[in-house]
Amino acid sequence: MIAARAAEIRTGLDTNFTEEQLQRPVSRRLVHALIAATTASTGAKLRVLSARVEQLEAGGVRYAGIWQRALPYPKGTVVTSGGGMWVALRDTSEGEKPGDAPDAWQLAAKAARPIVRVKKEMQE
């Protein structure tokens, strides 16, 4: 591809060059053409990445409330269970309980005191 592009530039078939640019050495014109092509390609990739970042930032945290065994949860969902806040590391199936499925859930925050102790104190 580079050889074909160089031939176009050498013969002047590339209409994107001015007369002044065509008078420059071939190697210099080739470098300018390659830089322009690379810049355009990089710009297109950056636009795609920028759109993806905007999409991810718009999603935010998806808090689904208290974990329920009858529900599957998609990756990234946040639930509370056993006094902790858990994040789904992958799409989970029904019954995969946070704390029991380490490949499915990551503990993000835990209660300052165990729930059992708080419940006992409330009963007294």
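**Entry 1: confidence**

I looked up confidence by element in this predicted model. Helix α4 (residues 115–123) has the lowest mean pLDDT among the elements of the chain, at 60. Strand β3 (residues 84–88) has the highest, at 95. I then took the chain as a whole. Its mean pLDDT is 81, and 77% of its residues reach 70 or more. A reminder to myself: where pLDDT is low, predicted coordinates should not be read in detail.

**Entry 2: salt bridges**

How many salt bridges does the structure hold? I found two. A general point first: side chains of opposite charge can pair when their charged atoms come close.

I started with glutamate 96. Glutamate 96 forms a salt bridge with arginine 90. The closest N and O atoms are 2.6 Å apart. Is glutamate 96 buried or exposed? Its relative accessibility is 17%, so glutamate 96 counts as buried, because buried means under 20%. Arginine 90 has a relative accessible area of 27% and is partly exposed.

Next I followed arginine 90 to its other salt bridge. Its side chain meets that of aspartate 103, at 3.0 Å from N to O. At 49%, aspartate 103 counts as partly exposed, because exposed means over 50%.

I put the two bridges together. They share partners, and they join Arg90, Glu96 and Asp103 into one network.

**Entry 3: aromatic rings**

I searched the whole structure for aromatic pairs and got one. Which rings form the pair, and why is it edge-to-face? The rings belong to tyrosine 73 and tryptophan 105, with centres 5.8 Å apart. Their planes are at 70 degrees, so the pair is edge-to-face; the cut-off for that label is over 60.

I then located both residues. Tyrosine 73 sits in the loop between β1 (62–66) and β2 (77–81). Tryptophan 105 belongs to strand β4 (residues 105–110). They are 32 residues apart, and the pair links distant parts of the chain.

Tyrosine 73 counts as buried at 5% relative accessibility. Tryptophan 105 is buried too, with a relative accessible area of 3%.

Notes
Residues numbered from 1 in each chain as written. Predicted model: local features only at pLDDT ≥ 70, side-chain atom pairs only at ≥ 80, totals over all residues. Heavy atoms only, no water. Phe/Tyr/Trp six-rings, centres within 6.5 Å; stacked < 30°, edge-to-face > 60°. Helix = DSSP H or I, 4+ residues; strand = E, 2+ residues; numbered from the N terminus. Buried < 20%, exposed > 50% of the residue type's maximum accessible area, 1.4 Å probe, protein only. pLDDT = per-residue confidence, 0-100. Salt bridge = Lys/Arg side-chain N within 4 Å of Asp/Glu carboxyl O.
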